[in-house]
Amino acid sequence: MLTTVPDMTYVSPHFRERVAQRLGQGVDPLALAHEIDDALRTQSDRLHYIGRGRVPHTACYRYRLSDGRITYVIVMTATRRPVTVLEPGFKLTRRGKRPKKLRAYLPD
């Protein structure tokens, strides 16, 4: 069962660091966490499920940012808590499967 944490101050230092490093200083990690949480709750077309992550209880989603860029986010499935962001070109390591290359497009 998914739960929503009403106060999104739980965004980890790791997530904050990766957002700044991979998406730029102009992207607010808390605002992004809210966007991702909202997209998961509403099943937004800006979000596309890619697969389970290497770490148990995580999933990877392709996400279209408000400026149109594509990023990938690893989320804790029980809480919708963002763990990290990945850029297109990274490889997603999955349990029991070959790594999957993350691409820079969304399906039509």
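Trainee: Is arginine 80 buried or exposed?

Mentor: Arginine 80 counts as buried, because its relative accessibility is 5%. Buried means under 20% relative accessible area, exposed over 50% and partly exposed in between, with a 1.4 Å probe and protein chains only. Keep in mind that this is a predicted model, where local features need pLDDT of at least 70, side-chain atom pairs count only at pLDDT 80 or more, and totals for chains, interfaces and linings use all residues. Residues are numbered from 1 along each chain as its sequence is written, and side-chain values use heavy atoms, with hydrogens and water left out.

Trainee: Thanks! Where is arginine 80 placed?

Mentor: Arginine 80 is in the loop between β3 (70–76) and β4 (81–86). Helices (H or I, at least four residues) and strands (E, at least two) are DSSP runs, numbered from the N terminus. Arginine 80 also has a positive phi of about 60°, although it is not a glycine.

Trainee: What is phi of glutamine 43?

Mentor: Phi of glutamine 43 is near 55°, again a positive value in a residue other than glycine. Glutamine 43 belongs to the loop between α2 (29–42) and β1 (47–52). Glutamine 43 counts as exposed because its relative accessibility is 70%, whereas arginine 80 is buried.

Trainee: Changing topic, how many salt bridges does the structure hold?

Mentor: There are six salt bridges, each being a side-chain nitrogen of Lys or Arg within 4 Å of a carboxyl oxygen of Asp or Glu. One of them pairs aspartate 67 with arginine 69 at 2.9 Å, N to O. Arginine 69 counts as partly exposed because its relative accessibility is 33%. There is also a network: salt bridges that share partners join Asp37, Asp38, Arg41 and Arg80.

Trainee: And which residue forms a salt bridge with glutamate 17?

Mentor: That is arginine 18, with the closest N and O atoms 3.0 Å apart. Glutamate 17 is partly exposed because its relative accessibility is 47%, while arginine 18 is buried because its relative accessible area is 17%.

Trainee: What about arginine 46, which side chain does it meet in a salt bridge?

Mentor: Arginine 46 meets glutamate 35 at 3.5 Å, N to O. This pair links distant parts of the chain, with arginine 46 in the loop between α2 and β1 and glutamate 35 in helix α2, 11 residues apart. Arginine 46 counts as partly exposed because its relative accessibility is 27%.

Trainee: Which residues form the positive surface patch?

Mentor: Lys91, Lys97, Lys100, Lys101 and Arg103. Patches take residues with over 30% relative accessible area and no salt bridge, joining like charges within 9 Å and nonpolar side chains (Val, Leu, Ile, Met, Phe, Trp, Tyr) within 5 Å. Lys and Arg count as positive and Asp and Glu as negative, without His or the chain ends. Each charge is placed at NZ of Lys, CZ of Arg, CG of Asp or CD of Glu.

Trainee: Where is lysine 97 found?

Mentor: Lysine 97 lies in the loop between β5 (91–92) and β6. Lysine 97 is exposed because its relative accessible area is 56%. Lysine 100 is in strand β6 (residues 100–101), and is partly exposed because its relative accessible area is 33%.

Trainee: Last one: what pattern does the protein chain follow?

Mentor: Along the sequence the pattern is α-α-β-β-β-β-β-β, so two helices and six strands. Of the 108 residues, 41% count as buried.

Conventions: Accessible areas come from the Shrake-Rupley method with a 1.4 Å probe; for residues, only the protein chains shown count as cover.
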